[in-house]
Amino acid sequence: SIYEMFGNECCLSTGEVIKVIGFKINKLIASICENNEVSQFSAKVELPLDFPGLYKVVADKTPYVSIEEITRKVSIGPTRFGHPCFYSPEDIKLANFTIKHGEQITFNSVEEVNGMMAVNCGVVRNNQSHSFTLPFSQEGKFYECEDDQIYTLKEIAEWKIPKCRNRIVKLSNTLHTWDSSNPLPENFDGCLILTPVYEVQAVMKFRKDIVHILSDLDVEVKDVTDCYDISSFLQPLSLEDVFERTSKEFPMVAEIMEGPSGSQKPHNLLQTGKEIVIYKKYQATRVLASEIRSDSPKRHFLIPVSYKGKFKRRPREFPTAYDLEIARSEKEQLHVVATKAFDSPHKELFSVSVGDQFLVQQCQTSEVLYEGRKKVIDVLACEQILSDTYKKVLLPMYMEGGFVEVIHDKKQYQLSEICKEFHLPFNVKVSVRDLSVEEDVLAAVPGLQFEEEITDSYLLISSSSSPVESWEIPVYRLNMSVHLLSKDVQTVVPPATKTPVEEISEEQYYMVRRYENQTLHPPPRPPKKPT
């Protein structure tokens, strides 16, 4: 049988032995959903896994009837997505613990307990975590809990579509402007029913790559697992699999079975068939930065603290007086200019005109007259800068105006200095590019906002044949497979490390922020007007 996959012809000869290593969703068939059913007017459209947008998962209304059924159909694992949550409409009495009906049960991992397979679970009650195990044999009705996270289609396909079920999702953020090539209707913001189309992932005896076989390929196979030495096949590992190895197993030599797509450095080192040395695994700090621009899409970057360029400050913008209070620091006085007028409803508080300049002092309370009654409200004490003097004024904290910072600091800063001395977010532009790299992608960006410091997982690698330099590669943003070679590492000490600035997509930006903050909560808003 000859078939074509990604433009390449593959031949499955009679008698060829194939080791199936997994099943993977290749694409999704989407239908517009109304009242949890396919709309009668909806045409089915094919969506690739990299189709843009962020989605919320709608909880499945069909219950699972046992813990064993959940473990067969739902992905449970050590990664961020592998902790599904369920609830039971009835109390579940265990030996030393009772799970209350409707209580959210988090499924953490599967393991053998006293010779029986069970799931390690947890519930949070009165801000305290309680851990317990549920055996596979536990029966009842288990419903999915509502999920407030946002996901890409690829993440949903990998983790959030149970086997033998469809999945309803709601579009949360399109991230991209609509065009005629988009299979969904313009301005669509409803629900979709996703039906997965699977492919079989396999390895062959005389091939070093992973073979992808569509599940509808017309070919007859016979199970020979019990009478064949499967150890003679290669064992593909993802970067996550490698990262889960113990630190004692490093360094190791590996051959790339499937390289990542795209042109991010060090792309020439990560091509299929290349041998690499993986020296160690670790967590490293990055600064998440976004391009300052009024229109979208913005560019986003993860900048290593070792970045050798220098930055000058750029003015920050503040939409409310409350934002001024958040931004002020003991290190220096915040100087701002009003860009929007504000007419105070209280004679005790100041009315702002466009162009007024202020030095921000501190937050305090003030008594004001409101509809004949005295009220105490939060205010921001400032000094208004006049031509030859300063005037003490009070701005209501709820004031929605507009302010822009006046920068007096002309110093050039290293990234590490900014992280140490200032609160993020912080606006900058590159004043001296990083001369240690051939092309500094940040130098061409007119303005950057440093948003937050994040911690991420990395592997340190180099070429096996010519280890001139080593590179940090992200575990969760590079989709590639390797297999380990039983070779000794020639140089245990890694060569000079290259830590590139990583430009990430809009989807990856939201994912990085979500991992760091769990959910993207909006910042606290200012107090409302007194009522």
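Is D456 buried or exposed in this predicted model? With a relative accessible area of 5%, D456 is buried, where buried means under 20% relative accessible area, exposed over 50% and partly exposed in between (1.4 Å probe, protein chains only). Because the model is predicted, local features need pLDDT of at least 70 and side-chain atom pairs count only at pLDDT 80 or more, while totals for chains, interfaces and linings use all residues. Residues are numbered from 1 along each chain as its sequence is written, and side-chain values use heavy atoms, with hydrogens and water left out.

The side chain of D456 meets that of R477 in a salt bridge of 2.5 Å, N to O (a side-chain nitrogen of Lys or Arg within 4 Å of a carboxyl oxygen of Asp or Glu). R477 sits in the loop between β31 (470–474) and β32 (481–485), and D456 in strand β30 (residues 448–463), 21 residues apart; strands (E, at least two residues) and helices (H or I, at least four) are DSSP runs numbered from the N terminus. R477 counts as buried too, at 16% relative accessibility. The structure holds 23 salt bridges. Another of them joins R313 and D409, with the closest N and O atoms 3.3 Å apart. R313 lies in strand β22 (residues 310–313) and D409 in the loop between β28 and α5 (415–421), so this pair ties together parts that are 96 residues apart in sequence. Salt bridges with shared partners join R313, R316, E332, E405 and D409 into one network.

Turning to the strands, six of them form an open antiparallel sheet in the order β23-β28-β24-β25-β26-β27, two strands being paired if DSSP finds at least two bridges between them. β23 (317–320) and β27 (390–396) stand at the edges with a single partner strand each, so one side of each is left without a neighbour in the sheet. Within the sheet, β24 (residues 335–338) and β28 (residues 400–405) pair in the antiparallel sense over three bridges, and A338 stands opposite F403 in β28.

Aromatic rings complete the picture. A search of the whole structure finds 11 aromatic pairs (rings of Phe, Tyr and Trp, the last by its six-membered ring, with centres within 6.5 Å; planes under 30 degrees apart count as stacked, over 60 as edge-to-face and the rest as tilted). F97 and F132 are stacked, because their ring centres are 5.3 Å apart and their planes at 25°. F97 is buried at 14% relative accessible area, and F132 is buried at 9%.
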